[in-house]
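Q: I am new to this structure. Please take one part and walk me through it closely.

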Amino acid sequence: MTLGLFVLIAWVMIIIFFLIPKSLDWKENMIMFFSLSIIIISLSTVLDLNLKLIQTSKKVEMFVPVWLFRNIIIPLIFIVFLNLFNFSKNKLKKIGIAALTIAGVFLIEKVTLITGIIKHTGWNQYYTLLTIITLMTFSFFFAKLVNRIGKGAK
Amino acid sequence: MPIIYDQEFNQNELFVFALLLIGILLVWKVPKRFPAQEGMIYFLYSVFFGIVFDHSISIEPFDYYDVNDSSYYQILDFMTYFMYGSFAYLYIYIFDYLKIRLKYVPVYILIWALISTAIELLAVHLGVFHYKNGYMIYYSFSIYLLIFVPNLCLYFYLNPKKQN
């Protein structure tokens, strides 16, 4: 059931990504996806393996859900955020998009906790919130830099 | 329990720094053939896949190998993945420079997979990778064969006019 659920969530995230209006072009989206994934995967390994603040399930049947959660779902949430945030001109909408992104990550995290994919062993929701805000800020400024690099090359 | 292989600054660190430096210098110095963003994509593609594969099969439940001095994830491990970046950039760069025809693509991929495997063998010998639980070099060879294909697909996707 967990596998099916996470395949469904990953599928929904991919569909959402393809359907939303995009403020970044394909090259910029690729660069952002690769960069965010590199950071998210490294961060999750440090929190699990080194600091043991989060314990990821070591069961073989949980391997694919963990893989989808870490490599597809979470990076795509931030990519969707970035595209919608930059696309929107209204400040209130921007705040709403940021709030929805935070709520989305919390919701997915809750699902991972309920299904036993991850277990908090010293980690808490405030750390999650801090991590989300840091990643949102990083992705926002890095996307601007990537955009500038692209314009400079033209 | 974490495994500590060594705690000295020795051959594995030197190998990573040397390859990283040579790779970045090469990427920097060769005449530009791609727009900056496209070059970034080729570079990051490999770093991304390196991290995805390593952080999938080198941790539990598989735990097939450790990278560098211990089974923990260290800064040097993170830097190791950036070695792959310049390697992938040069893979596409040479492909574009030589204007290789589609019928020779399998040979080109095979040559690069063999070169990558040889470099990995050297890295194993120097203590960058420590195989565990029955992992063997030819598993890496098959991963390289797999990785180099979408890399070229990405190149053709970004340069549709170059599909000769």
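A: Start with what Asp63(B) touches. Leaving out residues up to four places away in sequence, Asp63(B) is in contact (heavy atoms within 4.5 Å) with Ile57(B), Ser58(B), Lys132(B) and Asn133(B). This is a predicted model, where local features need pLDDT of at least 70, side-chain atom pairs count only at pLDDT 80 or more, and totals for chains, interfaces and linings use all residues. Side-chain values use heavy atoms, without hydrogens and water; residues are numbered from 1 along each chain as its sequence is written, with chains lettered from A and ligands numbered from 1 in the order in which they are written.

Asp63(B) sits in a loop of chain B, between helix H2 (36–57) and strand S1 (65–67). Helices (H or I, at least four residues) and strands (E, at least two) are DSSP runs, numbered from the N terminus.

Is Asp63(B) buried or exposed? The relative accessible area of Asp63(B) is 19%, so this residue is buried. Buried means under 20% relative accessible area, exposed over 50%, and partly exposed in between, with a 1.4 Å probe and protein chains only.

Lys132(B), one of the residues touched, also makes a polar contact with Asp63(B), side chain to side chain, at 3.0 Å. A polar contact is a pair of N or O atoms within 3.5 Å; within protein, one must be able to donate a hydrogen and the other to accept it, and residues adjacent in sequence count only if both atoms are side-chain atoms.

Now the helices of chain B. Gln11(B), Phe15(B) and Leu19(B) in H1(B) meet Ile119(B), Leu122(B), Ala123(B) and His125(B) in H4(B).
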